[in-house]
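Please have a look at the structure first, then read on.

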Amino acid sequence: MIIKASERGGARSLANHLTNTNDNEHVELYEVRGLVGNSLHAALLEIDGVSQGTQSKKPFFSTSFNPPQGEDVSYDQFMDAFDRLEQKLGLTDQPRAVVFHEKEGRRHAHVVWSRVDIDNMKVINMSHFKNKCTDISRQLYLEHGWDMPKGLIDKLERDPFKLSNVEWQQLKRQGVDPREMKMLCQNAWKHSDDLNS
């Protein structure tokens, strides 16, 4: 299961993105924990409101959990992955919201945690979170016997043409199919005479 994460702000835009039914066939708010608000918008606005006492611009830790293609991952397996990452990052018992998306018959999940430590009114430091996400991903691939991507085995094997989430979203807003753009770049690279061509 590939885990991508970021520290971010923007309660409304994040809630709008996670409840978007244009890009997803099905959206399910699965859990809201530790918050009064029972809708995603209310929950994220609540976290944002509490964060005003910390002066933090990025009170959210937003993650996506993407299972391997063709694997049927149960809710319990997803919840186990969420709990492991939460513990590794020091977010245990922090307020969180869990949203499941289904796209083209494939389910993936988003979890948004509050980074606000209410007892001390400061945000939780998320040092080395990318490495910690990668560690949990590797553990999950090994434990479930899933075919591990080469880039997860050795980061030097990562696809140099892989688009970041920001690049992917930017292309979609411009009406460009990111998969087609990636394919064009790969073909150009493959058929060039040298790196400078």
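**Strand partners and a helix pair**

V98 stands opposite V111 in β5. This is a predicted model, in which local features need pLDDT of at least 70 and side-chain atom pairs count only at pLDDT 80 or more, while totals for chains, interfaces and linings use all residues. Residues are numbered from 1 along each chain as its sequence is written, and side-chain values use heavy atoms, leaving out hydrogens and water.

**Strands**

- β4 (residues 96–103) is mostly covered, with 6 of its 8 residues buried (under 20% relative accessible area with a 1.4 Å probe, protein chains only).
- β4 pairs with β5 (residues 106–114) in the antiparallel sense over 8 bridges; pairing takes at least two DSSP bridges between two strands.
- β4 and β5 form a hairpin with 2 residues between them, and E104 in the turn has a positive phi of about 55°.
- β2 (residues 26–33) also pairs with β4, in the antiparallel sense over 7 bridges.
- E28 stands opposite F100 in β4.

**Helices**

- The axes (lines fitted to C-alpha atoms over the stretch in contact) of α1 (residues 11–18) and α2 (residues 40–51) come within 9 Å and cross at roughly 155°.
- That makes α1 roughly antiparallel to α2, a label for angles over 145 degrees on a scale from 0 to 180 degrees between N-to-C directions.
- A11, R12, L14, A15, N16 and L18 in α1 meet L40, H41, L44, L45 and D48 in α2, where contact means heavy atoms within 4.5 Å.
- The residues of this contact divide into 7 nonpolar, 2 polar and 2 charged; Asp, Glu, Lys and Arg count as charged, Ala, Val, Leu, Ile, Met, Phe, Trp, Tyr, Cys and Pro as nonpolar, and the others, Gly among them, as polar.

How values were computed
Helices (H or I, at least four residues) and strands (E, at least two) are DSSP runs, numbered from the N terminus. Angles under 35 degrees count as roughly parallel, over 145 as roughly antiparallel, 65 to 115 as roughly perpendicular and the rest as oblique. Buried means under 20% relative accessible area, exposed over 50%, partly exposed in between (1.4 Å probe, protein chains only).
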